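Please look through the sequence and the model shown here before reading on. The report then takes up the chain as a whole, its strands, one of its helices and its core.

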Amino acid sequence: MAFGRLERTPGPQPMSEINMTPLVDVMLVLVVIFIITAPLMASSIKLDLPKTDAGKPSAAPAFVSLVVDRGGQVYLQDAAIALDELARRLGQTARQNPDTEVQLRADASVPYGRIVEVMGVAQTAGLNRIGFVADTQAAVKP
């Protein structure tokens, strides 16, 4: 009898890759659960709130547009107007709503005195909220 070595077959090798299928299945189930429960969490407390007129949001603030062009001509709501007529029209606006804002747009070459004169007419009429409108610019040129 001969005693020899018996051949052994190698056993199964361990898996070196991660199986992603179970991970994806679990994540999809969690997404479905969150989709279903999110709307329920937002409206968990039911209230019957009281009704009132005081809580209504106010309308957009009223404003008038004043423009002073390069020649010093004044425009109210894009219509040319003299200073005495401007004072009368701004006075009417101030009587209707004293919180009306004046949005003043003036050319860069208009003398400062003309701007002050137009502002004085608006303040005399009773409109004290004056906003200066300017173009946005990334860098100021010297």
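What follows is a report on a predicted model, arranged from the overall fold to the core.

## Overall layout

The chain of this predicted model contains 3 helices and 5 strands, and read along the sequence these follow the pattern α-β-β-β-α-β-α-β. Of the 142 residues of the chain, 18% count as buried. Among the contacts in the chain with a separation of 6 or more, 67% are made by residues 24 or more positions apart.

## Strand pairing

Strand E1 (63-68) pairs with strand E2 (74-76) in the antiparallel sense, over 3 bridges, and Leu66 stands opposite Leu76 in E2. These two strands form a hairpin with 5 residues between them, and in the turn Gly72 has a positive phi of about 95°. E1 is also joined to strand E4 by 6 bridges, the two strands running parallel; Val64 has Val102 as its bridge partner in E4, while Val68 has Ala106. Because 5 of the 6 residues of E1 are buried, this strand is largely enclosed by the rest of the structure.

E4 in turn runs parallel to strand E5 (residues 129-132), with 4 bridges joining them. Val102, the bridge partner of Val64, is also paired with Ile130 in E5. Between E4 and E5 the chain crosses through helix H3, and this β-α-β crossover is right-handed.

The buried residues of H2 are Leu86, Leu90, Gly91, Thr93 and Ala94. Because they cover an arc of only 165° around the axis, these residues lie on the same side of H2. An α-helix has 3.6 residues a turn, so residues three or four places apart point the same way.

On the other side of H2, Asp84, Arg95 and Gln96 are exposed. The cover over the buried residues of H2 includes strand E1, strand E2 and helix H3 (112-125).

## The nonpolar core

Which residues have the most contacts inside the largest nonpolar core? This core has 18 residues, and those with the most contacts inside it are Leu66, Val68, Val74, Leu76, Leu86, Leu90 and Val118. E1, E2, H2, strand E4 (101-106) and H3 each supply at least two residues of this core, and H3 gives the most, with 5 residues. In soluble globular proteins, nonpolar side chains tend to be buried together.

Methods. Residues are numbered from 1 along each chain as its sequence is written. This is a predicted model: local features need pLDDT of at least 70, side-chain atom pairs count only at pLDDT 80 or more; totals for chains, interfaces and linings use all residues. Side-chain values use heavy atoms; hydrogens and water are left out. Buried means under 20% relative accessible area, exposed over 50%, partly exposed in between (1.4 Å probe, protein chains only). The arc is that of the directions from the helix axis to the C-beta atoms. Contact means heavy atoms within 4.5 Å. A nonpolar core is a set of buried Ala, Val, Leu, Ile, Met, Phe, Trp, Tyr and Cys residues joined through side-chain atoms within 4.5 Å. Two strands pair if DSSP finds at least two bridges between them. A crossover is right-handed if, with the strands pointing away from the viewer, the path from the first strand over the helix to the second runs clockwise.
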